[in-house]
Amino acid sequence: MNAETPVEAIPTADDRKIGPVLMEMKHITLRFGGVKAITDISFDIREGEIRSIIGPNGAGKSSMLNVISGFYVPQEGEVWFRGARRPQMKPYQVARQGIARTFQNIALFDGMSVLDNIMTGRLTLMKTGLAAQSLWWGKAQREETEHREKVEKIIDFLEIQAIRKTPVGRLPYGLKKRVELARALAAEPMLLLLDEPMAGMNVEEKEDMCRFILDVNDEFGTTICLIEHDMGVVMDLSDRVVVMDYGKKIGDGTPDEVRGNQAVIDAYLGVAHD
Amino acid sequence: MPDTVFFALEVMLNGLMAGVMYALVALGFVLIYKASGIFNYAQGVMALFAALTLVGLLDGQVPFSHLINAIFGTDVHHFPSGLRDLFAAGEGASGFTAMLGRILGILIPVLLTAAVMVVLAWAVQKLVFRHLVGQAPIILFMATIGLAYFLEGFGDLMWGSDIKALDVGLPKGINETLERVTNEAFGYGFFIDNLDIVAAIVAAILVVTLTLYSQYSRQGRALRAVADDHQAALSVGISLNYIWVLVWSIAGIVALVAGIMWGSKSGVQFSLSLIALKALPVLMLGGFTSIPGAIVGGLIIGMGEKLFEFFIGPLVGGATENWFAYVLALVFLVFRPQGLFGERIIERV
């Protein structure tokens with residue numbers, strides 16, 4: 001299936017509505033010195049969908065996510081967000097546009113408590129400025145309380161009430177991943193980018209994470225773009241899938257379409273050479 | 001009790017007060033180190049520069065007067081009136097007006113100096129450290145050494161290199177009340193400098209304010225976030241540059257406070273920037289990343305070196321204050337490399 005085909009609404013199994021294009025990558029090419037990490041890739045992300053990028057290790061999936069979140073600047077190509085071409089932006093500016101992310105190797109504030117970590121997710125939403133905060137303590141306090149309430153909801157949602165006050169550095173891996181998701185959610189993002197949210201987890205943790213991702217998409221209507229190299233998980237979660245191999249796009253479509261794609265089968269299972 | 005015990009106590013108290021002064025400088029180091037991982041060698045020179053600027057504004061010195069005179073053949077030194085006199089009420093003004101004039105004449109130059117320190121912070125970030133993002137810590141450290149010497153020369157050029165007195169109306173001399181009270185109570189009067197008492201109070205206020213600010217304010221949270229993980233901070237929408245300018249500004253203002261205290265105590269002169277070196281053992285003791293650590297470290301060093309000089313000094317020929325702090329820091333490094341309050345590095349295997 002061609003990504004550019006105009007589809008107004010794709011009815012899915014659980015009857016969720018998928019909206020217009022939220023983000024579009026056009027002919028993205030990214031090089032590190034002489035090495036091409038991404039070669040001429042185009043795809044779009046629609047509002048309300050779970051869009052996955054899959055591919056074997058080293059396919060350029062994380063690089064693509066870093067392009068979307070502004071950590072890498074592609075040499076060629078355009079990024080379109082909400083119907084407008086996005087100028088070159090710093091990662092913090094991208095975050096302020098409403099794009100939150102998690103990292104493959106977990107980037108949390110280890111010295112802070114779980115609660116404080118999640119509160120940082122709301123920094124972009126806080127209005128009271130530096131001067132007002134020091135001069136007008138009351139207003140800043142009120143704002144803090146409001147943000148705190150939202151954060152408590154997310155904590156309940158992700159079932160991490162018990163570790164609220166624990167310094168993040170002491171948490172086991174699976175919970176850290178969950179806290180990172182909570183921090184991203186706290187920003188109430190329009191687009192949530194998840195870089196291998198299930199990497200290194202055991203089966204039980206993976207199932208939990210899957211459930212959370214589906215619930216976030218379902219209850220908050222958050223658009224999610226996620227990266228995984230585990231095909232099985234992705235096929236269950238995603239509305240549409242982009243498949244990458246060696247920096248190129250080799251497939252794009254619904255999980256069923258991708259599953260039947262010969263190039264994808266070859267990339268994952270290998271091609272017989274004779 | 002014998003007088004020796006009282007005398008030792010007095011020495012200890014004076015040491016504590018001296019420690020507060022060290023702590024004031026160490027505080028600036030901690031702030032920048034925590035937020036950006038830069039060990040700012042220029043912190044002491046920043047204190048000197050702030051004090052020079054404040055004196056210049058108070059006395060109405062013409063900045064760069066040597067340079068101007070050399071180029072244009074003029075002979076300018078001072079404006080007709082310094083800011084201190086500008087606000088001073090005329091003869092025969094009522095008590096309140098005179099008081100207000102005196103306060104404004106000090107407060108406005110102090111605020112202006114603080115503004116200069118903020119501009120300096122911005123310039124340092126914009127011209128130097130922006131271009132060094134991601135470089136090894138040793139490179140950043142070398143850059144601060146360069147900055148220290150540049151700022152020292154720049155301060156000389158701007159305000160001249162002569163020793164200046166700084167008087168912002170802080171009380172001087174021995175606290176007589178304390179002496180009288182202790183004399184009546186113990187038959188031994190404690191000699192404590194008024195200025196030291198003020199310094200202790202100011203340091204306490206500074207630490208409480210900074211701790212509250214970093215724990216409970218939005219910028220404080222962003223500041224701690226940047227200190228912890230740059231990548232994660234970016235991903236939640238924090239501009240690293242903004243935070244670094246903010247931190248250097250706060251460190252600049254802390255330097256101003258230290259400059260005022262040291263300048264009032266021993267005059268504004270080059271040796272002020274050398275005090276910064278005493279902050280090094282203070283930080284090794286307290287930990288490079290802890291604000292309370294800087295204070296406690298300062299107190300221990302201050303008290304330790306005075307007591308050591310008092311008890312052991314005579315046995316080894318004196319002048320122990322020159323090296324005691326460093327040796328104490330060395331011993332500490334062996335047993336507790338992260339300092340008393342430093343963050344333990346927890347490595348999960």
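User: Which residues touch the most other members of the largest nonpolar core?

Analyst: First, the idea: a nonpolar core is a set of buried Ala, Val, Leu, Ile, Met, Phe, Trp, Tyr and Cys residues joined through C-beta atoms within 7 Å. Buried means that 20 or more other C-beta atoms lie within 10 Å of a residue's own, with C-beta atoms placed from the backbone. Here the largest core has 164 residues, and B:Ala23, B:Ala26, B:Ala51, B:Ile238 and B:Val247 touch the most other members. Helix H11 (residues 240-266) of chain B gives the most to this core, with 18 residues. Helices are DSSP runs of H or I with at least four residues, strands are runs of E with at least two, and both are numbered from the N terminus.

One caution: this is a predicted model, where local features need pLDDT of at least 70, side-chain atom pairs count only at pLDDT 80 or more, and totals for chains, interfaces and linings use all residues. Residues are numbered from 1 along each chain as its sequence is written, while chains are lettered from A and ligands numbered from 1 in the order in which they are written.

User: What is B:Ala26 in contact with, leaving aside its neighbours within four places in sequence?

Analyst: A contact means two C-beta atoms, placed from the backbone, within 7 Å. For B:Ala26, the partners include B:Ala279, B:Val282, B:Leu283 and B:Gly286.

User: How many helices and strands does chain B have?

Analyst: Chain B has 15 helices and 0 strands. Its radius of gyration is 22 Å, close to the 20 Å that the globule rule gives for 349 residues, so chain B is as compact as a globular protein of that length. That radius is taken over C-alpha atoms, and the rule is 2.2 Å times the number of residues to the power 0.38. Of the 349 residues, 42% count as buried.

User: In what order do the strands of the chain A sheet run?

Analyst: Strands of a sheet pair through backbone hydrogen bonds, either parallel or antiparallel. DSSP must find at least two bridges between two strands for them to pair. In chain A, 4 strands form an open sheet, ordered S2-S1-S4-S5, with antiparallel pairing. Strand S2 (35-46) and strand S5 (84-85) are the edges, each pairing on one side only.

User: How many residues does each chain bring to the contact?

Analyst: Chain B brings 19 residues and chain A brings 26. On the side of chain B that touches chain A, H9(B) gives the most, with 7 residues.

Technical notes:
A residue is buried if 20 or more other C-beta atoms lie within 10 Å of its own, exposed if 12 or fewer, and partly exposed in between; C-beta atoms are placed from the backbone.
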